[in-house]
2 protein chains.
Amino acid sequence: MFPRPPAEPGMPFEEIDTPALLIDLDAFESNLATLAAAAKQAGVRLRPHAKTHKSPIIARKQMDLGAVGQCCQKVGEAEILVEAGIEDVLVSNEVWGRRKLDRLAGLARHAKIAVCVDHAQNIADISAAALRADTEIGVLVEIDVGAGRCGVTSPEAALTLAQAVEAAEGIRFRGLQAYHGSAQHKRSQQEREAAIGGSAEITKATVEKLSEAGIDCEIVGGAGTGTFAIEAGSGIWNELQAGSYIFMDADYAKNRAADGQPISQFQHALFVIVTCMSQPAPNKLVVDAGHKALGNDSGFPDVWGIDGATYSRPSDEHGAIDLGHSGHAANVGDKLLLVPGHCDPTVNLHNWYVGVRGMHSDNARVETVWPVAARGAVF
Amino acid sequence: MFPRPPAEPGMPFEEIDTPALLIDLDAFESNLATLAAAAKQAGVRLRPHAKTHKSPIIARKQMDLGAVGQCCQKVGEAEILVEAGIEDVLVSNEVWGRRKLDRLAGLARHAKIAVCVDHAQNIADISAAALRADTEIGVLVEIDVGAGRCGVTSPEAALTLAQAVEAAEGIRFRGLQAYHGSAQHKRSQQEREAAIGGSAEITKATVEKLSEAGIDCEIVGGAGTGTFAIEAGSGIWNELQAGSYIFMDADYAKNRAADGQPISQFQHALFVIVTCMSQPAPNKLVVDAGHKALGNDSGFPDVWGIDGATYSRPSDEHGAIDLGHSGHAANVGDKLLLVPGHCDPTVNLHNWYVGVRGMHSDNARVETVWPVAARGAVF
């Protein structure tokens, strides 16, 4: 009973059923190439985050352009990736619980698997799971570099855990997880540089502390779409974990470059196409997408191509469009494009991507339909 | 590649993988029986809303207790219900677009199907789809009874549309859709009575307007979990569309009865079980559920059973628990129960329900695992 796709390859753009999650394939491919080139130029590895796309075919496209593997947040996501043939997966998150660690160890018999830790008991648990499965699991010690969420808070504590990993059987110390999530969304370049500057100090001190004790970090991982250039140029991080760059969203579009202008490096490649299902007034429309089709946790979507139009008042399956003074004459039954406020949770609401070629041209057509394979893989 | 379930029948409660969506089966069955009895006593029909549960097995349980059919919001939900054997489905929403209407007409050849309209062009489109499929689709005219979303805004406009339905081929006028969504969540009984009092005036005037023109309303539908007793006792509505009553959520728990006390009619039957994956301080925990496991649009979840503990700062897959002055000693690796802020979008994030018997007892065990079959059926 897997729900049907909203479109089929070859279908004209106008026939896509709504609401549906669209990829502008031209913009998406440009974004893929842009970050791959930037990482190569900076001399750092790229391990993009599959929490954004949840799709093995997108993972494969990233690896074809030089990515060394994938990050994900959940064992369930790692299962989908490994079972689709991805051979190097880092769960960039802590994983607790015997059943879940046994699943992780099962994967490690078929792919190169790593996971993050910030607690000695968890290290013992992962070691035990690896031994039960007669396999090896890689381990990164997570350090809190400013996010105030998971991770140890001193170089000494990181060293203690790294030594515990080195002493345990079935697991191998591979490095540090040093990701500052909220820094990605600071609006000015100055704020982002200040935040990652702080992260860099902590990370550098930790790498040196471990080095003094004879422990090398194969991976110093972190960075996201908002700050990757800072980490890449720091000489400290050697692996970038950006995810959103492939799609962008309305929140990231609010970030500004050093000159105060919008960042033009990546293009909006993810859209939700909606239909106007009611029209309470000439410049007000009700569309068929609310909380169940749009991730609104970082703000409402932008209305694409209609200056001054806004989306608001989402309920489960409705949203209100105010055309304002745009002068745009939309009617009930018309379709509109929205740029999601936050790409990751939006993708997670849909079962299918509709890949469109020539999206904003007169010849837009459906080229491909891909499952959001790890949608809902929450544990 | 449908993700695995987080538990199996017979499994002890402690082994459920997290985050997972749990049903307290005892509370759920009590809720089912409570509303079924209330509708029967009031002499009105019950057509519960499947947008809440998205599950044919739950639909069947509601109908076994006397419900006449199901409501849903999307054609995709109706497909899942009809294909699982539910024979009477109302899409309590406007549906635009030829492909979608052809799907609706296809269903109408295999079940009793109705849909809502608030626009003459849509009536013509539904009629055309029904004729293409050589079938009949029932039609309700939606009236705006205070929600300010979809629906016509005068009895005259409703009559015009009802007459258009009666004049069209392939479709049959069945009544009025008169639902006031935001009234469900007004906190005091007085506020809810005032809101539905206004809805009642509009609905009564519309029913009378149609009656004067010789058009009877087989269905006068509306009401939700917050106000159903008001509509049921009004003598105007004859079909209740409540959905959330089966589960309840932290938002509905804020509603108060006429005496200012919490409403005890329905019990919390829906939980998200989480694991503490990091512990930044003795009374602060990071749990493994954020926006991808919890619908936070109506407020954050309550922490079950720990007075004074709060959930906050959700990111995609993390949330922060502050134990405050609860005196509760939780540790990393422990599991906690959360009561979701909003049940419908929370259910829609998960692929599986884990049905637990004796949930808050020492003998809690997994009795059943049900797919959230229409999860993501957004179009």
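The talk below goes through some terms for this model.

Modeller: First, the ground rules. This is a predicted model, where local features need pLDDT of at least 70, side-chain atom pairs count only at pLDDT 80 or more, and totals for chains, interfaces and linings use all residues. Residues are numbered from 1 along each chain as its sequence is written, chains are lettered from A and ligands numbered from 1 in the order in which they are written, and side-chain values use heavy atoms, without hydrogens and water.

Biologist: Why are H4(A) and H5(A) called roughly parallel to each other?

Modeller: Helices here are DSSP runs of H or I with at least four residues, and strands are runs of E with at least two, numbered from the N terminus. H4 (residues 75–83) and H5 (residues 98–108) of chain A pack at an angle of about 20°. Axes are lines fitted to C-alpha atoms, for helices over the stretch in contact, and angles run from 0 to 180 degrees between N-to-C directions. Roughly parallel means under 35 degrees (over 145 is roughly antiparallel, 65 to 115 roughly perpendicular, the rest oblique). H4(A) and H5(A) are therefore roughly parallel.

Biologist: Which residues of H4(A) and H5(A) meet?

Modeller: Contact means heavy atoms within 4.5 Å. On the H4(A) side, Val75(A), Gly76(A), Ala78(A), Glu79(A) and Val82(A) take part. They meet Lys100(A), Arg103(A), Leu104(A) and Leu107(A) of H5(A).

Biologist: What makes Ala223(A) buried?

Modeller: Buried means under 20% relative accessible area, exposed over 50%, and partly exposed in between (1.4 Å probe, protein chains only). Ala223(A) has 0%, so Ala223(A) is buried. Ala223(A) lies in the loop between strand S8 (219–222) and H9 of chain A.

Biologist: Why does Ser234(A) count as partly exposed?

Modeller: Ser234(A) has 28% relative accessibility, so Ser234(A) counts as partly exposed. Ser234(A) sits in the loop between helix H9 (228–232) and strand S9 (239–240) of chain A.

Biologist: How do you know that Arg313(A) is exposed?

Modeller: Its relative accessible area is 54%, so Arg313(A) is exposed. Arg313(A) is in the loop between strand S13 (310–312) and strand S14 (319–322) of chain A.

Biologist: What is the phi of Ala223(A) and of Arg313(A)?

Modeller: Ala223(A) has a positive phi of about 80°. Phi of Arg313(A) is near 50°, also positive. Most residues other than glycine have a negative phi.

Biologist: Which residues does a cis peptide bond join in chain A?

Modeller: Thr18(A) and Pro19(A), with omega about -10°. In chain B, a cis bond joins Thr18(B) and Pro19(B), with omega about -10°.
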